[in-house]
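Subject: Structure handover

Dear colleague,

Here is the structure you are taking over. Please have it open while you read the notes below.

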Amino acid sequence: NMEGLQAAVWSPDNRCVAVAGAGGIVRVYNAVTKTQFLQLTGHGEFIRDLAWSPNGERIAVASVGGEIADIKVWDATTGESCGSMDDLTESVAWLDDQGLVFVGSGGHTLKLWNVDAPQRNQGEFVDAAPSQVVVASPGRSSIARARAKEVIIYRREGDWLCLEGALTGHARLVTDVAWHPAGNRIATSSRDGTIRIWDSISCQQVLELPDCLGGSRTIEWSG
């Protein structure tokens, strides 16, 4: 057990788990041996999001609290810092092992940050509607961005994101987005009390389910 649990995310190979607890401390455990091998500190008190890089070699941590509002990237083996960027960030998602997509500035911008080459041009999209979450597709070629009552789909082209479509139909705030492992479906949950399934290519709704929990904050596909 961990006091003040804020988030827990499995590594891509499911052998390790990163857990954010009270005080902005992130502990990384080996799930096979059940032992802690890293403790990452220096974050704000509140962890907004955690994300492993696709190869499992890095962990991105978005946090806020006190004078801190940033994303820090850590080596998942040694615990050494790989870089940081100041921004009030709501959600983070890796597109590849170097490029990191994140929603920043209180949720009103979507940015591309190349961790290994920060001098490279960063794509940035400013929007009056705040974003709650950003999730990369299984193939890392697209991202889904929850924005108020809808979800915007972008396709990655180099260091830029191109608008591909929108999932519209929820009556209230979208709380979470989950890509199917095959990449052909997207599930969304909302405060309107529904979970909806969408075709990721046509952006058309294919199924609507009642949310028995009444506004689930997180959803996940089985298998």
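This is a predicted model: local features need pLDDT of at least 70, side-chain atom pairs count only at pLDDT 80 or more; totals for chains, interfaces and linings use all residues.

Residues are numbered from 1 along each chain as its sequence is written, and side-chain values use heavy atoms, with hydrogens and water left out.

Overall

The protein has 20 strands and 0 helices; both are DSSP runs numbered from the N terminus, helices being H or I of at least four residues and strands E of at least two. Of its 223 residues, 48% are buried (buried is under 20% relative accessible area, exposed over 50%, partly exposed in between, with a 1.4 Å probe and protein chains only). The accessible surface is about 10,700 Å², and carbon and sulfur atoms account for 48% of that (Shrake-Rupley method, 1.4 Å probe; for residues, only the protein chains shown count as cover). Among contacts between residues at least 6 apart in sequence, 35% join residues at least 24 apart, where contact means heavy atoms within 4.5 Å.

Largest pocket

The largest pocket holds about 1,900 Å³ of space. A pocket here is an open set of points on a 1 Å grid over the protein atoms alone, where a 1.4 Å probe fits and protein lies on both sides within 12 Å along at least five of seven lines; lining residues have an atom within 4 Å of a point. Grid points are joined across faces, edges and corners, and the volume is the space filled by probe spheres set on them. The lining has 47 residues, with V9, V135, D176, V177 and I219 nearest the centre. At least two lining residues come from each of β1 (7-10), β5 (46-52), β9 (91-94), β13 (131-136) and β17. By type, the lining divides into 26 nonpolar, 13 polar and 8 charged residues (nonpolar: Ala, Val, Leu, Ile, Met, Phe, Trp, Tyr, Cys and Pro; charged: Asp, Glu, Lys and Arg; polar: the others, Gly among them).

H170

H170 sits in the loop between β16 (160-167) and β17 (174-179), and is buried at 6% relative accessible area. Its side chain makes polar contacts with the side chains of D192, at 3.0 Å, and T194, at 3.3 Å. A polar contact is a pair of N or O atoms within 3.5 Å; within protein, one must be able to donate a hydrogen and the other to accept it, and residues adjacent in sequence count only if both atoms are side-chain atoms. Beyond four places in sequence, the contacts of H170 include K149, R196 and W198.

A178, in strand β17, is buried at 8%. Its C-alpha lies 8.6 Å from that of T218, 40 residues away in sequence. Leaving aside neighbours within four places, A178 is in contact with R185, I186, A187, I219, E220 and W221. A69, in strand β7 (68-75), is partly exposed at 27%, and touches S63, V64, D86, D87 and L88, again not counting residues up to four places away.

Positive phi

Most residues other than glycine have a negative phi. K34 has a positive phi of about 60°; K34 lies in the loop between β3 (26-30) and β4 (35-40) and is exposed at 73%. R140 has a phi near 65°, lies in the loop between β13 and β14 (142-147), and is partly exposed at 28%.

Regards
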